[in-house]
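Look at the fold first, then at the labels put on it.

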Amino acid sequence: MAKYIVKRILLAIVTIWAVATLTFFLMNLVPGGPFLSEKAISPQAQAALEAKYGLDKPMFQRYLNYVTSAAHGDFGDSLKQRGRTVMSIISMKFPVSARVGGLSVLVALTLGIPLGCIAALKRGKAADSVISVVATCGIAVPSFVICTVLMYFFGVKLGILPTMGLETGKHYIMPVIALSFYPTAYIMRLMRSSMLDVLGQDYMRTARAKGLAGGKILFKHALRNAILPVVTYVGPMLAYTITGSFVVEKIFVIPGLGGEFIKAINGRDYTLIMGTTIFLATLVIIMNVVVDIIYKIVDPRIKLK
């Protein structure tokens, strides 16, 4: 187990390095520059700005300097938000996205797992049909459509929920619903198909033949095996929702990391784009490593190599 964990951590470090390298060179291959949008900037002023941020050095030297600094948690200064570092922006904006995303994860797991089990146990009945329709709609409908519908009915027509910001608890309701709708639907589909497969296994028939209670069969035998596909999905889902959906944050004017990332792209703030990309990629990679380790805890039959 310890050998496997060390191996996965080393592989994660290599993957993060690959993401940082790819991001750096792609950003430097984009035509134009971060200071071309400055109003009436002279060639001398542009050269001074490039020298200040080290953009006048050879690309390979800039790459080495950037990777070395990034390894120590320093992504440099923002090229557009003068006087602010990339890490200070991330540390200020990420907690906002994390709160919305964390609540969305709880909603998705709390609703998706039991509803998927119910759909499997009630296969072919009305409850299964209703849950399947909701799950299909949740997967097929884009998040911006859900945001628009929620804002129209609850924000404009009924006027019971605020439509922007995160000042009070009510402000979280619509963003959390919009952000959790897709993962909830996906988990419902995963749990239903996985539970149906588990319920048809020989050991489930043996458990029923032994006269075990229905609840014990469901939670001790079926659920523990059926939940493995959900555990697989939780890793990337957690990273996606905690960092916040860029579309949801933009529509509800949430001051999170997603809005800063979009602003950085529009303003060609290369250091902020690279820092945010590496940060989000690192979060996804860490979640996948954690999920691989949890696999062994959930199902001891899995052999780690």
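Q: How many residues does helix α3 have, and what span does it reach from its first C-alpha to its last?
A: Helix α3 (residues 59–71) has 13 residues and reaches 18 Å. The expected span is 1.5 Å times one less than the number of residues. For α3 that expectation is 18 Å, and the helix comes close to it.

Q: What kind of model is this, and how are residues numbered?
A: This is a predicted model, in which local features need pLDDT of at least 70, side-chain atom pairs count only at pLDDT 80 or more, and totals for chains, interfaces and linings use all residues. Residues are numbered from 1 along each chain as its sequence is written, and side-chain values use heavy atoms, with hydrogens and water left out.

Q: What makes a stretch a helix, and how many helices are in the chain?
A: Helices are DSSP runs of H or I with at least four residues, strands are runs of E with at least two, and both are numbered from the N terminus. The chain has 13 helices and 0 strands.

Q: Why is Glu-260 called buried?
A: Buried means under 20% relative accessible area, exposed means over 50%, and partly exposed lies in between (1.4 Å probe, protein chains only). Glu-260 has 6% relative accessibility, so it counts as buried. Of the 305 residues of the chain, 39% count as buried.

Q: Which residues of α3 are buried, and which are exposed on the other side?
A: Arg-62, Tyr-63, Tyr-66 and Ala-70 are buried. They cover an arc of only 100° around the axis, so they sit on the same side of α3. The arc is taken from the directions from the helix axis to the C-beta atoms. On the other side of α3, Phe-60 and Ala-71 are exposed.

Q: What follows α3?
A: Gly-73 follows α3, and its phi is positive, near 80°.

Q: Which residues of α5 are buried?
A: In α5, the buried residues are Asp-128, Ile-131, Ala-135 and Gly-138. Their arc is only 95° around the axis, which puts them on the same side of α5. The face turned away from that side carries the exposed Ala-126, Val-130, Val-133 and Ala-140.

Q: What do the buried residues of α5 pack against?
A: They pack against α4 (86–121) and α7 (170–199). Contact here means heavy atoms within 4.5 Å.

Q: What makes Asp-128 and Arg-192 a salt bridge?
A: A salt bridge needs a side-chain nitrogen of Lys or Arg within 4 Å of a carboxyl oxygen of Asp or Glu. The closest N and O atoms of Asp-128 and Arg-192 are 2.7 Å apart, and the pair forms a salt bridge. Asp-128 lies in helix α5 and Arg-192 in helix α7, so the pair ties together parts 64 residues apart in sequence. Asp-128 is buried, at 5% relative accessible area. Arg-192 is partly exposed, at 21%.

Q: How many salt bridges are found in the whole structure, and which residues are linked in a network?
A: The search finds 3 salt bridges. Lys-93, Glu-260 and Lys-263 are linked in a network. Glu-260 pairs with Lys-93 at 3.8 Å between the closest N and O atoms. Glu-260 lies in helix α12 (residues 257–266) and Lys-93 in helix α4, so this pair joins parts 167 residues apart in sequence. Glu-260 also pairs with Lys-263, at 3.5 Å between the closest N and O atoms. Both of those residues lie in α12, 3 residues apart, about one turn of the helix.

Q: Why is Val-145 called partly exposed?
A: Its relative accessible area is 31%, so Val-145 counts as partly exposed. Val-145 is in helix α6.

Q: What makes a nonpolar patch, and which helix gives the most to this one?
A: Patches use residues with over 30% relative accessible area and no salt bridge; like charges are joined within 9 Å, and nonpolar side chains (Val, Leu, Ile, Met, Phe, Trp, Tyr) within 5 Å. Val-145 is one of the residues in a nonpolar surface patch of about 940 Å². Helix α6 (residues 143–157) gives the most, with 7 residues. Accessible areas come from the Shrake-Rupley method with a 1.4 Å probe; for residues, only the protein chains shown count as cover.
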